[in-house]
Amino acid sequence: MAAGIVTESFYSKVERGVHAIDADVLIQILTAHHFDVTTFFAQITNQQSTEPYFDLAGKITYAQNNKDLQTLDKIEQTIENRGGGPAMA
């Protein structure tokens with residue numbers, strides 16, 4: 001997810017909550033994965049009211065980047081259980 005931006009060790013610590021990523025690194029990661037930075041921050045600001053599935057977007061991207069089909073299947077079930085209907089392929 002952050003290869004070439006931070007070390008694997010540092011990123012592992014971020015995932016475990018030991019370290020935090022500063023804004024510059026976050027923007028580099030978002031840019032590397034072709035996320036629109038402005039839209040990303042706007043969705044975080046409005047997450048509860050306008051985009052109920054935004055919390056899943058990062059998990060989906062991470063699972064896709066790691067070719068983790070089991071996690072993608074679980075996310076699909078989560079969406080279906082929330083009343084989102086069948087996931088689109």
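Visitor: What does Y11 touch, leaving out residues up to four places away in sequence?
Guide: Y11 touches M1, A2, V6, I21 and Y62. Contact here means heavy atoms within 4.5 Å. This is a predicted model: local features need pLDDT of at least 70, side-chain atom pairs count only at pLDDT 80 or more, and totals for chains, interfaces and linings use all residues. Residues are numbered from 1 along each chain as its sequence is written, and side-chain values use heavy atoms, with hydrogens and water left out.

Visitor: Which residues make up the largest nonpolar core?
Guide: A2, V6, Y11, V25 and I29, 5 residues. Such a core is a set of buried Ala, Val, Leu, Ile, Met, Phe, Trp, Tyr and Cys residues joined through side-chain atoms within 4.5 Å. Buried means under 20% relative accessible area, exposed over 50%, partly exposed in between (1.4 Å probe, protein chains only).

Visitor: How much of the protein counts as buried?
Guide: 16% of its 89 residues.

Visitor: Switching topic. How many helices and strands are there?
Guide: 6 helices and 0 strands. Both are DSSP runs, numbered from the N terminus: helices are H or I with at least four residues, strands E with at least two.

Visitor: How do helix 2 and helix 3 pack?
Guide: At an angle of about 115°, with their axes 10 Å apart. Axes are lines fitted to C-alpha atoms, for helices over the stretch in contact, and angles run from 0 to 180 degrees between N-to-C directions.

Visitor: Which residues meet there, helix 2 to helix 3?
Guide: From helix 2, L26, I27, L30 and T31; from helix 3, V37, F40 and F41. By class, that contact has 6 nonpolar, 1 polar and no charged residues. Ala, Val, Leu, Ile, Met, Phe, Trp, Tyr, Cys and Pro count as nonpolar, Asp, Glu, Lys and Arg as charged, and the others, Gly among them, as polar.

Visitor: And L26, what does that one touch beyond four places in sequence?
Guide: I21, F40 and F41. L26 is partly exposed, at 25% relative accessible area.

Visitor: Where does H34 sit?
Guide: In the loop between helix 2 (23–32) and helix 3 (37–45).

Visitor: Is H34 buried or exposed?
Guide: H34 is exposed, with a relative accessible area of 75%.
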